[in-house]
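Colleague: I have a model open on my screen and would like to learn how to read it. Could you walk me through some of its features?

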Amino acid sequence: MFLHRLALAAALCLTAAWSHAAGFSFIEVPADKDGPALRGAVWTPCETAPGEIAFGLIAISAARDCPIAGTKLPLVLMSHGSGGSFLGHHDTAAALADAGFVVAAINHPNDNFQDLERRGHLSTLAARPVDMRRLTDHMLGAWPAREKLAADQVGFFGFSRGGFTGLVATGAVPDFRLGLRFCTPTSKIPFCGQIQRQELPAPPVRDARIKAAVIVDPLSFFDAEGLNQVAVPVQLWASARGGDGVTPDDVEAIRRNLPVPPDWHVAANAGHFAFLAPCAPAMAKALPEICNDGAGFDRSAFHADFNARVLAFFRQHLTSKP
């Protein structure tokens, strides 16, 4: 988790230029009774030539606040991993936007690179699906360009803890007591003590507006019973080597226990962080633990295939376009 935080913090300074043209704008979901303000970004289809947009030390290739091309556009919600940020999968977001999707991503409060106040707490895990429901409410009900969206074509992309988030949002019921397998007698993970004291939050409820989900190397608090209510098509990805609390066996168990067999993929020779956007050279030098993959694994080539498969899945299940 700590390395993931460092990787995404560095990404804010050293992210490579995006490989796809897309519109880009910041977004803020106002605070309400269900949680604090949510801040992130929206990627949109754009016909304007991209330029370089600098945010501090970041330089991305996109068109800032570009007029949105098209109507009845499918919406994909994006949820990052622990200590991550809305930029963690910027290449995937841009690829989807370039193909006619709107992608909305936020920083999860108390569990992002700037704010780790309650990382590892059960309440933070339980709040994540609520964050995404609030983001969906905002995009469909208050976002200035909401008339451009197809409200019946909402998808979800989640990585790691974001994969947990996506499974819950599509109907899975977590059993937080299963988290004890992550704990040792000397563990300082907050949820270990919370589980032992039976301080278990109520499970969040499904968001029926989500029609399809790409779940990537998810953290699992699920048994077979907890997964049997997932009622949407799922594309499920596993890394061959796992990491950050995610194991190949756990992801395989999710595959086996989903009520409908998912579109299943294993990233051969990949560790958990291979699903993050490819690193710029400076970031790779500064954070080799995050950016350097196994011998023979080409992250850029993998992401070209990964993004194409994610796009094909959402086209099939959200738009019915070939």
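Predicted model: local features only at pLDDT ≥ 70, side-chain atom pairs only at ≥ 80, totals over all residues.

Colleague: Which strand is joined to E5 by four bridges?

Modeller: That is E6, residues 102-106, and E5 and E6 run parallel. Within E6, Ala104 is the bridge partner of Leu77. To get from E5 to E6 the chain passes through helix H2 (residues 90-98), making a right-handed β-α-β crossover.

Colleague: How should I read the side chains along a strand? Which residues of E5 point one way and which the other way?

Modeller: The general idea is that side chains in a regular strand alternate between the two faces of the sheet. Here, Leu73, Leu75, Leu77 and Ser79 point one way from E5, while Pro74, Val76 and Met78 point the other way. All of these are buried, so E5 is mostly covered, with seven of its seven residues buried.

Colleague: Now a helix. Is H4 largely enclosed or exposed?

Modeller: The step to follow is a cut-off: a residue is called buried when its relative accessible area is under 20%. In H4 (residues 161-169), nine of the nine residues are buried, so the helix is largely enclosed by the rest of the structure. Among them are Arg161, Phe164 and Leu167, as well as Gly162, Gly163 and Gly166.

Colleague: What covers the buried residues of H4?

Modeller: The cover includes strands E5 (73-79), E7 (149-159) and E8 (210-216), along with helices H3 (122-141) and H7 (248-257). While you are there, look just after H4, where Gly171 takes a positive phi of about 125°.

Colleague: Let us turn to aromatic rings. How many aromatic pairs does a search of the whole structure find?

Modeller: The search finds 21 aromatic pairs. Take Phe101 and Phe314: their ring centres are 6.4 Å apart and their planes lie at 50°, so this pair is tilted. Phe101 is in the loop between H2 and E6 and Phe314 is in helix H10 (residues 299-319), so the pair ties together parts that are 213 residues apart in sequence. Phe101 and Phe314 are buried.

Colleague: Why is the pair of Trp237 and Phe302 edge-to-face?

Modeller: Planes over 60 degrees apart count as edge-to-face. The planes of Trp237 and Phe302 are at 85°, with ring centres 6.1 Å apart, so the pair falls in that class. This pair links distant parts of the chain, with Trp237 in strand E9 (residues 234-239) and Phe302 in helix H10, 65 residues apart. Both Trp237 and Phe302 are buried.

Colleague: Which residues do ring pairs link into a cluster?

Modeller: The cluster holds Phe157, Phe159, Trp237, Phe275, Phe297, Phe302 and Phe306. For a ring with a charge, go to Trp264: the charged end of Arg255 sits over its ring, 5.7 Å from the centre.

Colleague: And the whole chain? How many helices and strands does the protein chain have?

Modeller: The protein chain has ten helices and ten strands. Of its 322 residues, 56% are buried. Its accessible surface comes to about 13100 Å², and 54% of that belongs to carbon and sulfur atoms. Finally, among contacts in the chain with a separation of 6 or more, 76% are between residues 24 or more positions apart.

Notes. Residues numbered from 1 in each chain as written. Heavy atoms only, no water. Buried < 20%, exposed > 50% of the residue type's maximum accessible area, 1.4 Å probe, protein only. Helix = DSSP H or I, 4+ residues; strand = E, 2+ residues; numbered from the N terminus. Contact = heavy atoms within 4.5 Å. Pairing = 2+ DSSP bridges. Right-handed = clockwise from strand over helix to strand, strands pointing away. Phe/Tyr/Trp six-rings, centres within 6.5 Å; stacked < 30°, edge-to-face > 60°. Lys NZ or Arg CZ within 6 Å of the ring centre and 35° of its normal. Areas by Shrake-Rupley, 256 points an atom, 1.4 Å probe, with all protein chains shown as cover.
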